[in-house]
Amino acid sequence: MAHPNSHLTAALERAATGGRLTPEEALELYRDAPLHALGEAADAARRRRFADTAHLATYIIERNINYTNVCVTACKFCAFYAAPKDTEKGWTRDLDDILRRCAETVELGGTQIMFQGGHHPDYGVEYYESMFRAIKEAFPQLVIHSLGASEVEHMAKVSGVSVEEAITRIHEAGLDSFAGAGAELLPERPRKAIAPLKESGERWLEIMETAHRLGVESTTTMLMGTGETNAERIEHLRMIRDVQDRTGGFRAFIPYTYQPENNKLKGQTQATPLEYLRMIAIARLFLDNVAHIQGSWLTTGKEMGQLSLHYGADDLGSIMLEE
């Protein structure tokens with residue numbers, strides 16, 4: 001772990017043994033620390049946290065059910081949505097179709113449903129209540145880990161209720177936990193560049209903090225490679241860590257890379273595989289209050305998924321049956 005910059009070496013050693021990094025230290029390490037030294041420190045932090053199971057990586061079998069692609073938000077990086085008036089491309093699954101997919105999930109050994117879709121202009125709290133209640137009644141063994149702060153903001157507006165009421169109602173109807181959907185990039189500049197119609201990063205975190213306070217845990221994510229700076233990536237982590245200090249409600253951090261096909265943003269991903277590994281490592285070291293760091297092998301490939309387990313990740317997410 002030796003490095004000619006002794007302060008970097010000291011920061012790595014401190015973080016590896018549980019000490020807290022400042023955002024400034026995290027940015028310098030992310031930019032300048034030797035890759036293997038960074039990975040070694042992150043792996044040491046993971047092994048210290050999971051001392052009894054350090055030789056294991058976790059995963060689940062789940063199904064990501066996209067219930068509609070109709071969306072009013074029109075994020076530039078999205079290859080999925082259709083505008084509300086686009087009757088040719090827009091679609092919505094009915095309840096029978098959704099329950100059939102849940103049944104297949106159970107038959108294949110799945111344990112979790114990720115219910116995700118567009119911000120449909122007509123779907124308020126009532127829609128999600130009915131769907132979650134029907135899924136739980138038919139398949140009580142399935143965990144419903146779904147939606148995110150953006151969907152909560154949208155459904156609350158459609159139904160004319162508070163965010164607190166929306167969260168309480170869908171939780172009572174069967175939602176077990178929130179996904180990190182919609183986090184994208186939390187700092188203002190990159191968020192406005194790629195998702196100008198979404199709520200602010202501060203508002204996204206505020207809604208998640210409300211959920212945590214109401215007893216609903218969540219994960220949190222980061223979309224890498226749309227033109228954000230290294231400093232903005234670290235600022236994203238800082239914003240998450242500050243909320244986690246208050247709530248403890250984020251179960252996992254999941255960075256993933258921008259996929260440039262079939263969307264308005266186009267271009268190419270600006271997050272290389274090595275940058276991705278560095279993010280996994282710095283997240284393990286900087287997010288000292290988030291238990292799980294997930295390697296996103298679905299977007300980076302199996303080889304990067306394997307390597308992420310040596311750079312601080314302890315989980316590989318899901319064997320996804322559908323997306």
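1. Leu147 is placed in strand E3, where strands (E, at least two residues) and helices (H or I, at least four) are DSSP runs numbered from the N terminus. Although Leu147 is not a glycine, its phi is positive, about 60 degrees. With 0% relative accessibility, Leu147 counts as buried (under 20% relative accessible area, 1.4 Å probe, protein chains only).

2. The model is predicted, so that local features need pLDDT of at least 70 and side-chain atom pairs count only at pLDDT 80 or more, whereas totals for chains, interfaces and linings use all residues. Residues are numbered from 1 along each chain as its sequence is written, and side-chain values use heavy atoms, with hydrogens and water left out.

3. A positive phi, about 45 degrees, also occurs at Glu184, again not a glycine. Glu184 belongs to the loop between E4 and helix H8 (188-194) and is buried, its relative accessible area being 4%.

4. Helix H4 (residues 95-107) packs with helix H5 (residues 125-138) at an angle of about 40 degrees, the axes lying 10 Å apart. From H4, Leu95, Ile98, Leu99 and Cys102 meet Tyr127, Met131, Ala134, Ile135 and Ala138 of H5 (contact: heavy atoms within 4.5 Å).

5. In helix H7 (residues 163-173), the buried residues are Val163, Ala166, Ile167, Arg169, Ile170 and Ala173. These buried residues pack against H5, strand E3 (143-148), helix H6 (149-159), strand E4 (177-181) and helix H9 (201-213). Gly174, with a positive phi near 140 degrees, follows H7.

Terms used:
Axes are lines fitted to C-alpha atoms, for helices over the stretch in contact, and angles run from 0 to 180 degrees between N-to-C directions. Buried means under 20% relative accessible area, exposed over 50%, partly exposed in between (1.4 Å probe, protein chains only).
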